[in-house]
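Colleague: I would like to learn how to read a model of this kind feature by feature, with the cut-offs stated as we go. Could you take me through one?

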Amino acid sequence: MIEFDDAALDEMIEDWKDSVLEEIIDQLDRIGLECVNEAREKGDYTDRTGNLRNSIASAVVVDGKIAKTNLFIGEGKAQAHKFIEELASEYSEGIVLLLVAGMNYAVYVEFGHLYWRSLGEGFGYREEETRPYNVLSSAEDLADSLVEELLNQIKNEGITTD
């Protein structure tokens, strides 16, 4: 008969839980990077400064703390990181995969918007609308399917920490 003292058993269980958590974080980080690449490659907008594409990023958040990020360069990177930090604080419990476009105008590019266009001096203005573009929508769809696959794998097969 094998005997364990409670402290040793508790330590083994905690080590196992930590290794499973790390594997889930790594898998979500991989999914996040794949989604960031999808968004950067499939974005059908003209990115004149490069900031919008460079602000597309992902992060894995565990209990409100950023565990991993996929960030790029330049002004976009700084804006993405700032946005991720703001969002992370909203998820104080659980594991979350965030996919963001950090530039403040990303939502207008993604969904289009109304604006007033000048018709020239003395001619007034006319309301016009921009068309929506794919900034994150294809990446969000990809994230949904990949995370669902991961959850099904965990449910059906468990997760290995090899």
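Colleague: Where is N54 found, and is this residue buried or exposed?

Modeller: Helices here are DSSP runs of H or I with at least four residues, strands are runs of E with at least two, and both are numbered from the N terminus. By that rule N54 is found in helix α2, residues 51-54. Buried means under 20% relative accessible area, exposed means over 50%, and partly exposed is in between, with a 1.4 Å probe and protein chains only; N54, at 17%, is therefore buried. Bear in mind that this is a predicted model, in which local features need pLDDT of at least 70 and side-chain atom pairs count only at pLDDT 80 or more, while totals for chains, interfaces and linings use all residues. Residues are numbered from 1 along each chain as its sequence is written, and side-chain values use heavy atoms, with hydrogens and water left out.

Colleague: Which residues does N54 touch?

Modeller: Contact means heavy atoms within 4.5 Å. Leaving aside residues up to four places away in sequence, N54 touches R40, F72, I73, G76 and K77.

Colleague: How should I read the sheet, and what is its strand order?

Modeller: Two strands pair if DSSP finds at least two bridges between them. In this model three strands make an open sheet in the order β2-β1-β3, with antiparallel pairing. The edge strands, each pairing on one side only, are β2 (65-70) and β3 (95-101), and the twist from one strand to the next averages 25°. Strand β1, residues 56-62, pairs with β2 over five bridges in the antiparallel sense; V60 stands opposite K68, and V61 has I66 as its bridge partner.

Colleague: What is the phi of D63?

Modeller: Most residues other than glycine have a negative phi. D63 has a positive value, near 50°, and is found in the loop between β1 and β2, two strands that form a hairpin with two residues between them. At 43% relative accessibility, D63 counts as partly exposed.

Colleague: How many salt bridges does the structure hold?

Modeller: A salt bridge is a side-chain nitrogen of Lys or Arg within 4 Å of a carboxyl oxygen of Asp or Glu, and the structure holds four. Among them is the pair of D26 and K68, whose closest N and O atoms are 2.8 Å apart. D26 lies in helix α1 and K68 in strand β2, so this pair ties together parts that are 42 residues apart in sequence. E14 and K17 form another, at 3.2 Å between the closest N and O atoms; because they are three residues apart in helix α1, about one helical turn separates them.

Colleague: Which residues form the nonpolar patch on the surface?

Modeller: Patches are made of residues with over 30% relative accessible area and no salt bridge, like charges being joined within 9 Å and nonpolar side chains (Val, Leu, Ile, Met, Phe, Trp, Tyr) within 5 Å. Here Y105, V107, Y108 and F111 form the patch, with about 420 Å² of accessible area together; such areas come from the Shrake-Rupley method with a 1.4 Å probe, and for residues only the protein chains shown count as cover. Y108 has its place in helix α4, residues 106-111, and is partly exposed, with a relative accessible area of 46%.

Methods. Axes are lines fitted to C-alpha atoms, for helices over the stretch in contact, and angles run from 0 to 180 degrees between N-to-C directions.
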